[in-house]
Amino acid sequence: MGGDRAMAVRFFHTSDWHLGQYFYHHSRQYEHAQFLTWLLQQIEQRQPHALLIAGDIFDVINPSSQAQKQLYQFLADAHQRAPQMQTLMIAGNHDSGYRIEQVDPLLEKYRAKAVGVIQRNTAQQLDLERLLIPIYDAEEKIVAWCLALPFLRPAEITGLNEHSQNSQDAISYIHAELIATAKKIKTDDQALILISHAHMQGGETSDSERPIIIGNEEALSTQLFDDIIDYVALGHLHKPQKVQQAHIRYSGSPIPLSFSEINYKHQVLEVSIDPSHSDETRVQYEVLSIPRSVDLHKVSGELSQVFEQLKALPEGEIAVIDQRPYVDIEYHSLTPPPPNLRQLFEDALPQNRYRLVRISRQYLANEDSENQQRSISLEPPTPEKLFQQIWEKQGYSADDAVLKDFMSLVAEAEQSLEEQHKH
């Protein structure tokens, strides 16, 4: 057993839960509850040392009490099933970093820790100590250090010193300083894990991620991560994927957050790191596939084809509305559609089984139309969409630079709201 004494660490990597999300006005609470029940079963069976949640825990910076209860009840249940397990979460761009840190005394009861914001110490230096979290084994020995980097908002990280006059420089400086500090404290038998919420170069996006690249910011380079880092647990992109190297990964979201995510294979990653190995067996991965509790159906084609597809969908009443699959219809028609089209679609669907949430008309290339696509969407507009509509109504053409400036103002407004919550 002497060789086994090296302290391997085993943890789950998940992110982008978006608790409290409303999908075209429909609550996802049931779907989230199903995911969390499944995750509790995995925790109970596998007893990992740690659970890492890489940001966007909530869908909005001011989550409902119901969404918060869902998180804290999960932490209590997880602690009961795996008392040794630590939970470490960071704030994403949808979260209020101050809010998730405020409940620290509650989190401690469940061996949980939240890192929401970058802070400075009394000397106005970067407070690196609080971003380095030890992970313990059953004997309370440190088996790994976790470098926790919440979503880096320009207002929090610029102007620290001459190395951080702009966002890109500040991000590079923070990564370099944090990794240098970690190198000093780690021993040879301890792993290094970095958890971050960011948009990495080469990452594949869906249409439900809020853009976090504003102003002239570019997606981040994986060169920020020193080779000494054993694993990088990323959040923000909803598709599970590796970024350039096997040990740099997005876990992806646990449920589809838009129709563009219908084919995603939602998962939690179980990662094991054995520092006594220096070859490819040092880091090992197992994909835990998350079952989908509510289906999404995207139906498209000419009107006659759409009606056929709707009638061919599985039948059988589903009594509880929250458990009914979502349907998105995209049709094209060379003649004006009948005025009661929505009702005709509803009538074609098997009764009391589906939620028709979106209808859009696709204009074909040979149709003379100003708008290539018109949608009837049952979703409240985002600030970005509202701004684009008003901008175009005034007769201006779409302008990326103007939109980036607007998104920068939105981000600043959200930041100032968070500051108010903090005080």
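Which side chains meet in a salt bridge at 2.8 Å, N to O? They are those of Arg 28 and Glu 31; by salt bridge I mean a side-chain nitrogen of Lys or Arg within 4 Å of a carboxyl oxygen of Asp or Glu.

A word on the source. This is a predicted model, in which local features need pLDDT of at least 70 and side-chain atom pairs count only at pLDDT 80 or more, while totals for chains, interfaces and linings use all residues. Residues are numbered from 1 along each chain as its sequence is written, and side-chain values use heavy atoms, with hydrogens and water left out.

To return to the salt bridges, the structure holds 12. Arg 28 and Glu 31 are both buried, where buried denotes under 20% relative accessible area, exposed over 50%, and partly exposed in between, with a 1.4 Å probe and protein chains only.

A further salt bridge joins Glu 101 to Arg 130 at 2.7 Å, N to O. Glu 101 belongs to helix 3 (residues 97-102) and Arg 130 to the loop between strand 6 and strand 7 (132-136), so this pair ties together parts that are 29 residues apart in sequence. Helices (H or I, at least four residues) and strands (E, at least two) are DSSP runs, numbered from the N terminus. Glu 101 is buried, at a relative accessible area of 14%.

Glu 140 and Arg 111 also form a salt bridge, with their closest N and O atoms 3.3 Å apart. Here both partners are partly exposed: Glu 140 has a relative accessible area of 41%, and Arg 111 one of 23%.

Strand 5 (residues 86-90) pairs with strand 6 in the parallel sense over 4 bridges, and Thr 87 has Ala 112 as its bridge partner in strand 6.

Finally, helix 6 (residues 167-185). Among the buried residues of helix 6 are Ile 171, Ile 174, His 175 and Leu 178.

Conventions:
Pairing = 2+ DSSP bridges.
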